[in-house]
Amino acid sequence: MEFERLLHGGDYNPEQWMDCPEVLKEDIALMKEAHVNCVTLGVFSWAVLEPEEGEYRLEWLEGMIDRLYRNGIRTVLATPSGAMPHWLTNKYPETMQVRADGGRNLPGRRHNFCYTSGKMREKIREMDRKLAEMASRQPGVLMWHISNEMGGNFSDSACHCQECQRAFRQWLKERYGTLEALNKAWWTVFWSHVYTDWEQIHSPVPHGETTLHGLNLDWHRFVTHQMTDFLQWEIASVREYSDLPATTNFMFFFRTLDYYKLQEGLDVVSWDSYPFWHKERDEVPVAVKTAAYHSMMRSLKKAPFLLMESTPSCINWRENNPLKHPGMHMLSSMQAVAHGSNSVQYFQWRKGRGSAEKFHGAVLDHRNGENTRTFRDVAEVGKRLETLDSLIRQSCNRPRAAMVFDWENWWAAEDATGPRLDMDYQREFLRHYRAFWEAGVDVDMINMDGELEGYDMVSAPLNYLYKEGYAEKVERYVAAGGIYITTYWSGIVDETDLCFIGEHPLRKVLGIRQEEIDAPGADFRNCVKYRDVAYETGGICEVVHEETAEVLARYEKEYYKGKPVLTVNRFGNGKAYYLAAEPEQKLLNAFYGECMEQAGIGNPFMTKLPYGVTAAERKGETDLIFLQNFREEPVAAEVKGSYVEADTGKAWQEEILLKAFECKVLIRKQG
């Protein structure tokens, strides 16, 4: 969906300043000076909107929405379920979560609600309907912000109460139909754990059952299902009076919830980005991770998303919380836009005076008003977005390469007890993604339910679990001419986490036979030669045998010396690559670079970019190229062709000079 302009603003909490009218007056004046055109209201306002059960006080909120609108500032209106008032938790304790240890949480913090609780749903529907009724007469309201960072805060976001247990059992009945089918799918004959009654089933908890991987996997699925159902319940509540678009703010690759499922009821995807800039001198690892998160949010709907929260200066919850160095705020904001965001928004507009986030970064601090570097940085971003508005809004990234990232695979791959207990799916996925990032090539991220057609190249690292029909989908894709890349720890189990027997589901496509997996300690690490260059391998070395595949690299050491590490198999009109070991980053970069060259994929400049410099392209009536320097020093990038800066008109050819932490937005000159 498209808004009438790029959004620039952030979370605003006027209820914290109702006794300071001079502050509220100053806020609006400074918002205009900072080129703010949108704020989010009401995220944690339930106790002020409904101080006692059934006693609604929305006049202050409606007045603020109207006041902002008269000053050219629209409102993203939030539903307040992210934090419950004490009257609610005191009167209805069943609305609070029960932990995995069986104890019910005490009141307080955030995201402490049971998403199955009928009483919670009843009370939030009453609140949401009141808000929607008010919003229906307010032209200043732009869209709905449903709840906040769903599932976040507590270490175990799931609720284990009896109401959730009953819902889980019902969900399992609908999924499997019979206990016989469930027992078979979960392999419950292991340790004599066969279920003979549905009431015997309980969520996996530390003092109970955790060894049935099928149970663990289905519990993850159920938690996503219930949270999705709660989200859609809230959307349905506001839709009784309002047809405005709805979003909820996601968080990075949040392991607890499958965002492919959660996004289905949303009109637009949004997320909260808090990278750890300046953790080390080398910003590239953080830049890679953040770019991947942005690309995921765009890929969920293959459409522009919204950066709902970011910090204009620092955060306050890490052991050390550095300020953004000069240039980083503009660069990190434009990085989001480069990967598909149609907004730059902040948490928060003004620092609060007390409680846990009083030292969290904000546009305005406690004392200095607009006379700060942070305020000037924010105003500069707002001004630049206004300049580029029409060009950016009519464009979106359209990558020719995709990577398979699947939450169900994530849960299953890391739950497996072997070959290592520290398997890290996200870490390894990001290492493969980094090869694209360093080449300046953008990618889409799809799960196993997504379509492969339309991509020239698909990478699926650590694709441990194969959903039903996935292997057939890959086979059709490669036969039709696609380039498919997968790795060790792939094609091991089906979607109930039962090991495949016989052969790899893609044995014909890959042209190899898996035998066993070695997880060597540091003293036994192997190495490989690829294109006459030696590279080290890490903690996984799979022993495979070539059948129809061509071997591109072999192990150099240990008892499996000479066995294939990297193979390619021609299948139909396409090729399938298999990487049998965990490689160092330099090998990944070299290998993926060769595959991209075969596929005719490259960065917009068709040159090798300097370390720390990357590119992303938004396609539209006018294609925009975002050239980004994540080094805290000037750098020169060689380019082919001629370019002009979209916002300044400055022309470049052959070489583009970038300042420290600079992002240039470029248009390619014709001819």
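**Figure 1. Lining of the largest cavity.** The residues that line the largest cavity of this predicted model comprise eleven nonpolar, twelve polar and two charged. Here Ala, Val, Leu, Ile, Met, Phe, Trp, Tyr, Cys and Pro count as nonpolar, Asp, Glu, Lys and Arg as charged, and the others, Gly among them, as polar. A cavity is a set of points, on a 1 Å grid over the protein atoms alone, where a 1.4 Å probe fits but cannot get out, and lining residues have an atom within 4 Å of a point. The volume of the largest cavity is about 200 Å³. Of its 25 lining residues, Tyr 274, Pro 275, Trp 277, Thr 311 and Lys 324 are the closest to the centre. Helix α11 (328-338) contributes the most, with four residues; helices (H or I, at least four residues) and strands (E, at least two) are DSSP runs, numbered from the N terminus.

**Figure 2. The second largest cavity.** This cavity holds about 50 Å³ of space, a volume being the space filled by probe spheres set on the grid points, which are joined across faces, edges and corners. Among its lining residues are Met 1, Phe 3, Pro 304 and Arg 393.

Figure 3. Val 644 lies opposite Ala 651 of β24. Five residues separate the strands, and Gly 649 in this hairpin has a positive phi near 85°.

**Notes.** Residues are numbered from 1 along each chain as its sequence is written. In this predicted model, local features need pLDDT of at least 70, side-chain atom pairs count only at pLDDT 80 or more, and totals for chains, interfaces and linings use all residues, while side-chain values use heavy atoms, with hydrogens and water left out.

Key: Two strands pair if DSSP finds at least two bridges between them. On a 1 Å grid over the protein atoms alone, a cavity is a set of points where a 1.4 Å probe fits but cannot get out, and a pocket is an open set with protein on both sides within 12 Å along at least five of seven lines; lining residues have an atom within 4 Å of a point.
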